[in-house]
Amino acid sequence: MHFLWHIVFGFLIRTLLIVFAQWYDRDDNGVHYTDIDYKVFTDAAQHMWYGESPYMRPTYRYTPLIAALLMPNIFLHPCWGKLLFSVFDLAIVTVIRQIVSKSHSKYKNYCAYLWLYNPLSIIISTRGNADSISCFLVLVTLLAHIEENYVISAVLFALSVHVRMYPIIFGLSFYLSIENGATSTSRFQVVYNSLFPSKKRILFAIVFIVSVILITWPCYFLYGQQFLDDSYLYHIRRLDVRHNFSVYFYLNYLLSSSDQVQILYSLLTKISPLILIIAISFKFGQIEDLPFCQFCLCFVMVTYNTVVTSQYFIWFVSFMPVFFLHLNFTAVECFNIILVWVMPQVGWLAFAYLLEFMGINTFYLLWVQSLMFFINNIIIVSLAIVRYKCNKIKKIL
């Protein structure tokens, strides 16, 4: 089957799930298929449609651009946003295909199909989650950077950071990968060469900063400090006391009554991932290693985050079709890794169901499952780093 027909078939699958959700969610009892955030997006879009601030909708913690894109939900059809997110999901497929063609042209379609028919990506987009937009922006930024279009990559990088804050962790790796071909036996010389501000690096940094200002200022002009508080500052200081996959959730719950402890605790929980992000960026700060580097950065950030939900997994899973050909794993080992990653989630979901729907206190057991999930994630990313084969994209370019 031609690649285009696969895209059509993938869109059909997503459309059928959107139609299914419309039917299934008519029953107000039980768990709905549609993500609760989709309702939040739609309400915020309605406020914008009537000339009001999207932040009049409580719990809207995103850029106004998302609400603006979903305004057709109000005057066209409530499924518009899901279709839009599905289109971005399919756009990711084409970007993956282009990136893989740089190093493994023979397998570019097969790698693209790994995303096209990935149940996680299909479900996330059709439930009405906007992360397909952020994943698309991240991957298209990666593509532009690999092709050494640094002005374009800087603009796209700024836009991706504006839409969702998490891509900011890729900043150091982008910077280091520009003209980083120096080899030296001196550790100091290696660090110096890695950080030296060449013309292209300065250009990338300036374009990024200017783009962030130009994209962010109109939103601040329209919605003021509330825009900064709800879109960005909230996510920095956020300590969600509700149960989630994070190993920190139970501590968040226990410490929720003390504001002073929360501030110190929030700072301490960010030290470990910050050190790892810097170390990984320097370790894989070459253009040929950039896809794998950003996967590791995203995986570590999600693993150590104080709030972890299923939608966050799509952030690092979106990188896997791009670099998995460079991992020296057998089919059996891949299956075992997937099993090790999924099983703690199954246990967590079982205890979460008992807590939410049966009223049984399973907080401690949920925390145990989160701890197992955290340990397994550390093992998985460690194995990936050990088994990683250096990707020689730059030679082919």
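1. Thr-59 has a relative accessibility of 43%, so it counts as partly exposed (buried is under 20% relative accessible area, exposed over 50%, partly exposed in between, with a 1.4 Å probe and protein chains only). Thr-59 sits in the loop between α2 (36-49) and α3 (64-69). Its phi is positive, about 75°, although Thr-59 is not a glycine. Most residues other than glycine have a negative phi.

2. Basis of the values. This is a predicted model, in which local features need pLDDT of at least 70 and side-chain atom pairs count only at pLDDT 80 or more, while totals for chains, interfaces and linings use all residues. Residues are numbered from 1 along each chain as its sequence is written, and side-chain values use heavy atoms, with hydrogens and water left out.

3. Fold content and dimensions. The C-alpha trace spans about 65 × 50 × 45 Å along its principal axes. The radius of gyration is 21 Å, which agrees with the value near 21 Å for a compact globule of 397 residues (taken over C-alpha atoms; the rule is 2.2 Å times the number of residues to the power 0.38).

4. Burial and surface. Of the 397 residues, 51% are buried. The accessible surface comes to about 19,700 Å² (Shrake-Rupley method, 1.4 Å probe; for residues, only the protein chains shown count as cover). Carbon and sulfur atoms account for 69% of that surface.

5. Contacts and charges. Among contacts (heavy atoms within 4.5 Å) between residues at least 6 apart in sequence, 71% join residues at least 24 apart. The protein has 26 positive and 20 negative charges, and their mean positions are 11 Å apart (Lys and Arg positive, Asp and Glu negative, His and chain ends not counted; placed at NZ of Lys, CZ of Arg, CG of Asp or CD of Glu).

6. Core. The largest nonpolar core holds 109 residues (buried Ala, Val, Leu, Ile, Met, Phe, Trp, Tyr and Cys joined through side-chain atoms within 4.5 Å). Helix α16 (residues 290-304) supplies the largest share of this core, twelve residues. Residues with the most contacts inside the core include Phe-41, Tyr-60 and Phe-316. Beyond four places in sequence, Phe-316 touches Phe-295, Cys-298, Phe-299, Val-302 and Trp-341.

7. Tyr-60. This residue lies in the loop between α2 and α3. Tyr-60 is buried, with a relative accessible area of 0%. Its contacts beyond four places in sequence are Val-40, Phe-41, Ala-44, Pro-54, Tyr-55, Ile-66, Ala-67 and Asp-230.

8. Glu-148. The loop between α8 (131-146) and α9 (150-163) holds Glu-148, which is not a glycine but has a positive phi of about 65°. Its relative accessibility is 37%, so Glu-148 counts as partly exposed.

9. Phe-196. The position is in the loop between α11 (187-195) and α12. At 42% relative accessibility, Phe-196 counts as partly exposed. Phe-196 is in contact with Tyr-175 and Arg-201, its neighbours within four places left aside. Tyr-175 is 21 residues away in sequence, at a C-alpha to C-alpha distance of 10.0 Å.

10. Arg-242. The loop between α12 (199-237) and α13 (249-254) contains Arg-242. Its relative accessibility is 55%, so Arg-242 counts as exposed. The C-alpha atoms of Arg-242 and Tyr-253 are 7.1 Å apart, and the residues are eleven apart along the chain.

Methods: Helices (H or I, at least four residues) and strands (E, at least two) are DSSP runs, numbered from the N terminus.
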